[in-house]
Amino acid sequence: MSDYQLYIDGEWSEAASGESFPTFNPANGEKIADIAKAGEEDTVRAIEAARRAFDEGPWPRMSGKERADLVRKYGEAIQAKADDLARLETMDGGGTIRKAMTADTMSCAGTFLKFADYAETVSDYEELPEYALMPGLPGKRNYLKYEPIGVCAQITPWNFPLIMASWKIAPAIAAGNTIVLKPASVTPITALELARIADEVGIPKGVVNVIAGPGASVGEVMAAHPMVDKVAFTGSTEVGARIMALAAPTVKKVTLELGGKSASIVTEDADFELAAKGVLFGTFFHNGQVCESGTRALVNEKIYDDFVDKLVDTAAGIKLGDPMDFATDQGPLVSDTQLKTVERYVAIGKDEGAKLATGGERPTGEAFDKGYFYEPTIFAGVDNAMKIAQEEIFGPVLSVIKVRDDAEAVKVANDSIYGLAGAVWSSDIERAQGIAEQMRTGTIWINEHHLLGPEHPFGGYKQSGIGSEMGVHGYNEYRLKKRIHVDDNLNPAEHMTFMMLFS
Ligand code: NAD
């Protein structure tokens, strides 16, 4: 029997094929658990369960307050299990226990709690201006009624399994939808734990279904199935485009949160210490396996050389090691595949003529022998046309690019197919805002990085995505708007519109 089964229609089951797959700890290569491997039959069963729960079950028919009570209980149960979830997240994904305890579990629970609030406080009704056929005629009441979309297929990546799953499940169910969620196959455990918690807190059966399995089969069935009304995907731009194509024939609603190659602009008046630490935090937090990582630093030429030295000195203080140790700053990359991708891009960077300022190797020593560790790596002398500046590496690699002035910084920042996020490091807030407002991306921090919150929408420009998650804007991505026009005049002769048909 698998250690983790599929959660469909409120029941745990093996895959119809009886197949399972292992998941490993990237810090030491040891197997953690066997996971039931969903195939097409299981996926369709999960979609049908979600469809029944939406069409016939209580969930979409409950009041916002009733749903809020259960979603809040869900968030509180996650809080109560935070230590266990943090340990599992660290073992399965390789991020540090410090990150898991201070960011992953808190943010996951906080997302459920915030969307419980929205279910209760964000109205399902909105008044529109009255409709008057002609100036001077009496206006008729018009209003919107917001309604859940239906069955939502949700597909998540491996970099923040708990947070990504919470960003999908919480807004969808708070708004009254039912879901089928598929986590990434390298980090499936904590999403399945979230299914267990859904069951424990009494979310009605069929509302939350979680199945692990390959993207190319399970994910494709989810994106194309006619019973699915919306697909919410977070992952690479390449797969996002494929999902859009699969969803197109049945015109599903689609939200896509995709890749990035965000720029951190450093002006010559920036606080040196703050900017150096900030750029490194922006890049190396969670080994750079973060969609909004600031992997291109665009530094004013007046401070460029000194700033590169400062980055190199400060990066030397980043402590690699056992992710279960609270003192560790950086654990292993998620998988051997990801490690090989990083090694390939570092070789490309050297071939392209960028100067390797630090890193560029796997660390040596017994502690690192069995895991997928890689040194924080900084390339100086990078031209924005190079592959290492254009392509998403999703690893601990920073490209530092010299710019003449703010105008060139903005131009270089915007010279990317991506537009997810970015940062400006400057002591002059007005100047920083001027730069931020010219950057073609969905989120910009001024003298900060990585701060995402349940009340603040997050989404990409350009090939970084469609739509947004989080905040009331993200909540509304899970609601349809119905316009209702109300005419209380029951006399046909006074309905001037009828003139268009009856003479
Ligand atoms: P990925 O695109 O390879 O996989 C993401 C998910 O899609 C996984 O669950 C995978 O199994 C599934 N999948 C793969 N092929 C599929 C297919 N053909 N049809 C349907 N589903 C399929 O991405 P990844 O390697 O897991 O994650 C890294 C990527 O995610 C990076 O590009 C990163 O920038 C992006 N990301 C974006 C955000 C954001 O909010 N914008 C957040 C986190 C990660």
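1. K99 and D104 are both buried (under 20% relative accessible area; exposed is over 50%, partly exposed in between; 1.4 Å probe, protein chains only). Their side chains meet in a salt bridge at 2.7 Å, N to O (a side-chain nitrogen of Lys or Arg within 4 Å of a carboxyl oxygen of Asp or Glu). The structure holds 30 salt bridges.

2. This is a predicted model, in which local features need pLDDT of at least 70 and side-chain atom pairs count only at pLDDT 80 or more, while totals for chains, interfaces and linings use all residues. Residues are numbered from 1 along each chain as its sequence is written, and side-chain values use heavy atoms, without hydrogens and water.

3. Strand 6 (residues 140–148) pairs with strand 22 over 8 bridges, and P148 stands opposite R479.

4. R479 also forms a salt bridge with D124 (3.0 Å, N to O). The pair links strand 22 to the loop between helix 4 (97–121) and strand 5, 355 residues apart. R479 is buried at 6% relative accessible area, whereas D124 is partly exposed at 27%.

5. R431 and D406 meet in a salt bridge of 2.7 Å, N to O. R431 lies in helix 14 (residues 429–438) and D406 in helix 13 (residues 406–414).

Note on methods:
Pairing = 2+ DSSP bridges. Helix = DSSP H or I, 4+ residues; strand = E, 2+ residues; numbered from the N terminus.
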